Amino acid sequence: MRGKLGDRALYVYTWLIILWLASPIAVMILFGFNDKQSKSNTSWQGFTFKWYQQLFAIDGLTDALVNSLIIAVVSTILATVLGTLLGLAVGRYRFRGKGVTDFLIFAAISTPELVMGASLLSLFVSANAPRGHITIIIAHTLFSLAFVVVTVRARVVGLDPSLEEAARDLGAGTFTTFRLVTLPSIMPGVAAGAMLAFALSIDDYVVTSFVNGSEQTFPLWIVGAVKVGIPPQVNVMGTLIFGIGVLLAVANAISARRKTTH
Amino acid sequence: MRRWTPYWLALPAWLWLAIFLVVPIAAMASVSLTTGNLIDGFTQTFSVSNYTDAIAKYSTQLVRSLVYGGVATVIMLVLGYPVAYWIAFKAGHRKSMFLFLLLLPFFVSFVLRTISWGFLLADDGILFGTLKGWGVLPEDFHVLATTVAVIGGLVYNFLPFMILPIYVALERVDPRVIEASYDLYASRFSTFRRVVLPLSLPGVFAGVLMTFVPATADPINAQVLGGTGNTMIGNIVQTEYLVNNDYPTASAISFTLMAVLLIGIFIYARALGTENVLEAAAR
């Protein structure tokens with residue numbers, strides 16, 4: 001009986017933590033509808049849809065969001081390709097230098113963002129490279145890559161090598177085997193890695209703040225605007241990104257469940 | 001021909017990691033041992049004065065960051081473990097729903113989440129403003145710009161990174177092991193202490209690793225939620241690099257921070273094996 005009571009308490013506690021974690025999201029969504037008159041957007045002043053109608057009214061903010069999306073797409077593609085190849089190498093083969101490679105992957109994940117950003121800036125300054133889109137993409141690819149490697153490797157390790165052998169016995173060449181057998185079976189790992197890379201890129205502030213030059217991204221613009229007051233459009237964009245992300249995740253989960261039940 | 005396959009596969013990523021991770025960190029090490037400024041140029045002197053100067057000048061912020069990071073990590077462990085435990089053992093078929101709910105905040109940008117948290121804590125905001133209006137709280141009550149706000153923000157932002165690895169470790173515990181413990185007349189408490197807890201330690205280690213490092217080095221919470229007395233080492237590095245352009249000092253601080261954090265990580269990695277930490281980090 002005591003056990004049951006303890007379980008009940010833990011159940012309530014888990015919900016409290018979830019509500020606590022979600023409360024700032026609720027605040028963000030709510031204040032996207034706030035009909036604020038003064039500069040500060042911290043007190044509730046009435047309901048309005050006008051920030052949704054004027055969503056793209058602030059040029060700098062819209063540009064920053066577009067920049068963020070472009071950077072996220074390009075760095076996700078780069079990180080996914082590089083990371084998948086390396087994930088295949090470390091997951092499948094034993095080779096000289098594997099230990100060093102494992103260490104590099106570990107280092108890329110555990111280096112504090114601050115150090116990564118600062119050291120990249122040192123490199124770009126000493127190489128006289130102009131900072132902008134390209135340097136941001138290089139940096140984002142760097143920190144996403146290792147996460148793709150880890151998710152792909154987890155999938156490669158669980159792969160049955162006899163499937164590929166069978167493909168080769170049936171006359172498929174190296175590339176055909178890869179395209180028709182290996183790639184489809186590691187695809188969930190690749191997709192998970194790519195989603196992680198996209199999320200990391202679009203969310204990054206610390207590394208980007210070092211290598212951006214005068215280029216703005218969504219997080220950088222928001223932090224820059226904290227002192228003068230965040231316009232409600234930021235809340236609206238945050239709400240829309242949140243909504244789209246959740247919808248995609250739910251759709252993904254439902255389709256995965258369908259596949260397993262049929 | 002087949003012998004070379006892994007090298008061809010690894011080559012592009014190797015180059016990327018070497019050029020943009022290894023070289024810059026080595027370059028930073030070398031810059032941290034130079035003297036000079038941006039206009040006259042820097043000369044390699046191999047003097048450690050940058051380190052001693054930087055540590056002397058910013059020891060307060062360095063210690064503060066480690067304390068904030070440490071306190072936040074302990075709070076996350078205490079808050080997070082029961083949640084991981086309940087989801088792993090009691091949530092049944094709703095496990096994935098609860099995990100999804102825990103991950104909801106990640107659909108909102110880190111920066112925006114922290115700012116919304118600031119909205120919530122604002123002196124005249126919906127929470128404290130209302131309570132002050134009712135007379136429950138005194139007029140001069142505030143949380144924003146205090147240590148509590150910064151540590152609270154760190155806990156809020158990184159808590160899921162503590163819960164997930166612990167959940168993964170607990171999920172792998174074979175229920176038959178727990179049954180065996182009961183069969184051998186262990187109480188609920190001693191089963192937890194002597195069976196479940198030791199088996200979950202790899203998850204705890206991974207969780208600590210994944211929260212302590214980013215929390216200690218994080219500049220955003222201190223910037224958005226803290227006041228002038230809450231500056232952390234991350235803010236110092238940003239200022240020295242981007243405002244003062246004092247690269248030698250900034251490099252020395254970054255390196256000191258990384259050295260302190262890496263020593264901690266290596267102790268963990270030794271105890272666990274890197275593979276395990278990475279595996280736990282991946283899920």
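Okay, so chain B has 12 helices and 2 strands; helices here are DSSP runs of H or I with at least four residues, strands are E runs of at least two, and both are numbered from the N terminus. Keep in mind that this is a predicted model, where local features need pLDDT of at least 70, side-chain atom pairs count only at pLDDT 80 or more, and totals for chains, interfaces and linings use all residues. Residues are numbered from 1 along each chain as its sequence is written, while chains are lettered from A and ligands numbered from 1 in the order in which they are written.

Reading along the sequence, chain B goes α-β-β-α-α-α-α-α-α-α-α-α-α-α. Its C-alpha trace spans about 75 × 75 × 30 Å along the principal axes. Of the 283 residues in chain B, 45% are buried, meaning 20 or more other C-beta atoms, placed from the backbone, within 10 Å of the residue's own.

Over to chain A and helix α6, residues 133–157. Its 25 residues reach 36 Å from first C-alpha to last, close to the 36 Å expected at 1.5 Å a residue, with the expected span taken as 1.5 Å times one less than the number of residues. Still, α6(A) has a kink of about 30° centred on Ser144(A); that's the angle between axes fitted to the seven residues ending there and the seven starting there. And α6(A) is mostly covered, with 21 of its 25 residues buried.

Last, the contact between the chains: 71 residues from chain A and 69 from chain B, counting C-beta atoms, placed from the backbone, within 7 Å. On chain A's side, helix α1 (residues 2–31) gives the largest share, 16 residues.

Methods: Buried ≥ 20, exposed ≤ 12 C-beta atoms within 10 Å, placed from the backbone. Contact = placed C-beta atoms within 7 Å.
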